[in-house]
Amino acid sequence: MSQYDVIVIGGGPGGYVAAIRAAQLGLKTACVEGRETLGGTCLNVGCIPSKALLHASHQLHEAEHNFAKMGLKGKSPSVDWKQMLAYKDDVIGQNTKGVEFLFKKNKVDWLKGWGSIPEAGKVKVGDDVYDAKNIIIASGSEVASVPGADVTVDNDKSVVVDSTGALVLNKIPKKMIVIGAGVIGLEMGSVYKRLGAEVQVIEFLDHITPGMDTDVQKQFQKLLTKQGLEFTMNAAVSKVEAKGNKATVTYKSRKDDSEHTAEADVVLVATGRKPYVAGLGLDALGVEMTQRGQIAVNGQWQTNVPGVYAIGDVIEGPMLAHKAEDEGMACAEVIAGKHGHVNYDVIPSVIYTHPEVAAVGKTEAELKAAGHAYKAAKFSFMGNGRAKAVHAADGFVKMIVDAETDRILGCHIIGPAAGDLIHEICVGMEFGASAEDIALTCHAHPTFSEAVREAALACGDGAIHA
């Protein structure tokens, strides 16, 4: 029987980072993963492959719409779908093999198979049982079904699919219906729209990207509509029927209760994710769960069972790979006797459409609800020279600061490289920066980042280029 200081269950971003960090801190560590490759949902069927397809489809969009404007003349490229999928698979392979290399480099044992916890201090993988002084559950999440609706996902038939199936369609559909206007639905909808599909997004609420800044939601929906995505809002899906190579979606308007149907070649169910804890044996172990099916933990990521910890999508908080990574590192440090810490007020979120959308900190709605006095200011990318030069002047930077102290409370960006620009604010917020601190910092010209400085200036006496 092998004995470990730490066994991590799950080889996704939270799990593999926790395992590597634990090993770096001198703990004998193993990671349990049943997939043929490491990296979890993110690297295999989530973040990484979707970004590859987003990049490829954006290049096609540029060729079709902007190349001629820049004097690049010629026939627009045709789409070789099989080659595009091969490119995506190559990207996946490079990343998953990279994690495997890091395990070897850091002397982390990969226990191949699906894990369970028969009792505290023991992890079972297949027929083998291992001793572990500490166990970290990092088993991630799975696709959630449509609440109250009759929907059966069958990725193999490529008619009614989830986010995994949407990455391996056998052909580009003529029409796709996306159920859910969240991050996954809008990213994959954007991919297939650029590749020539007609895309209809059906959303239960009256706004897209729930939880994001209202100004961003409105602008984002306008820009996506301009790109050709069709939105059906306030619609409750009740049924999806697949017949042959088509699927019919039945939904009811929440405004007048009228019933409607829509047909498509592919229906993408993108209504969120839920913790994946099946087969771990948590009930028998007596692990306390929340009402939403998440594992309950304290401020040190410990469950109520001694020696058992949990991180990432299986616990409360945003289901983001980088949140899981931060928790993985912090949890390993706690186990090693150090002070692990995650600042949950400074966890950015990004949508990788074009333009990108990024946010960190509070929204105006949250501050209003809390009765917190604030000041908000925006700067449009139309005033940014670099953005105009590369046909990316849609969008804005919105900064929210404390009305009295000028301390940055949140930032919301829709525009070019938003996912990278947001991190200037993340670092600033981590150090308690004010908008004035950003405004007084020299930003290189011409860069997109100047828009962030201009938004900070707008929180004071006013932006220069607006």
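I was working on a predicted model, in which local features need pLDDT of at least 70, side-chain atom pairs count only at pLDDT 80 or more, and totals for chains, interfaces and linings use all residues. Residues are numbered from 1 along each chain as its sequence is written, and side-chain values use heavy atoms, with hydrogens and water left out.

**Strand S21**

I took helices (H or I, at least four residues) and strands (E, at least two) as DSSP runs, numbered from the N terminus. I counted strands as paired if DSSP finds at least two bridges between them. S21 (residues 396-402) is antiparallel to S22 (residues 408-415), with 6 bridges. I found that S21 and S22 form a hairpin with 5 residues between them, and that Asp-406 in the turn has a positive phi of about 75 degrees. Strand S20 (residues 374-380) also runs antiparallel to S21, through 7 bridges; Ser-380 has Phe-396 as its bridge partner. I noted 7 of the 7 residues of S21 as buried (under 20% relative accessible area, with exposed over 50% and partly exposed in between; 1.4 Å probe, protein chains only).

**Nonpolar cores**

I defined a core as buried Ala, Val, Leu, Ile, Met, Phe, Trp, Tyr and Cys residues joined through side-chain atoms within 4.5 Å. The largest has 53 residues, and Ile-295 and Trp-301 are among those touching the most other members. Helix H1 (residues 13-24) gives the most to this core, with 7 residues. I also located a second, separate core of 39 residues, including Leu-186 and Met-212.
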